[in-house]
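Student: Please pick one part of this structure and take me through it closely. Then show me what surrounds it.

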Amino acid sequence: MRVLAVPQYGLSVDESKASLLQLKSSSRIGFAFVADALDVSRLPGWVKTPKQVTDGHLVQLAKANGVVLATLDRKIPGAFLISENSNGGPERCL
């Protein structure tokens, strides 16, 4: 939702929400909610600025659940970078 609701895609939050719900209900890719019981003590050492907190938290949440964070952001250590040249990726991604 966060990616779809940025100005360059031109979707509102409501439109992004509807798109995500449609994808979840019609996709061949399985979706599941991941429980989040992690606290600030589990942030990776590379988190140095407020902008990195969410990224660090998501990397650790993925690890705690035996999966890998898949992202479009090149600046997240330990994450799988989704790119135009990606031929698949980790079998289980967050």
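Tutor: Start with I29, which sits in the loop between α1 and α2. Helices here are DSSP runs of H or I with at least four residues, strands are runs of E with at least two, and both are numbered from the N terminus. This is a predicted model, where local features need pLDDT of at least 70, side-chain atom pairs count only at pLDDT 80 or more, and totals for chains, interfaces and linings use all residues. Residues are numbered from 1 along each chain as its sequence is written, and side-chain values use heavy atoms, without hydrogens or water.

I29 counts as exposed because its relative accessibility is 60%. The cut-offs are under 20% for buried, over 50% for exposed and partly exposed in between, with a 1.4 Å probe and protein chains only.

Now move to helix α2, residues 53-64. D55 lies in this helix. D55 is buried, because its relative accessible area is 16%. Beyond residues up to four places away in sequence, D55 touches W46, L69, D73 and I76. Contact means heavy atoms within 4.5 Å.

A64 belongs to helix α2 too. With a relative accessible area of 44%, A64 is partly exposed. Setting aside neighbours within four places in sequence, A64 meets L38 and R42. A64 and V34 are 30 residues apart along the chain, and their C-alpha atoms are separated by 10.0 Å.

Step back to the whole protein. It has two helices and two strands, in the order α-α-β-β from the N terminus. Buried residues are 16% of its 94 residues. Among contacts with a separation of 6 or more, 25% join residues 24 or more positions apart. The protein exposes about 7400 Å², with carbon and sulfur atoms supplying 55%.

How confident is the prediction? The mean pLDDT is 82, and 81% of residues reach 70 or more; pLDDT is the predictor's confidence in each residue, from 0 to 100. Confidence is lowest in helix α1 (residues 13-26), at a mean of 84, and highest in α2, at 93.

Definitions and conventions:
Areas by Shrake-Rupley, 256 points an atom, 1.4 Å probe, with all protein chains shown as cover.
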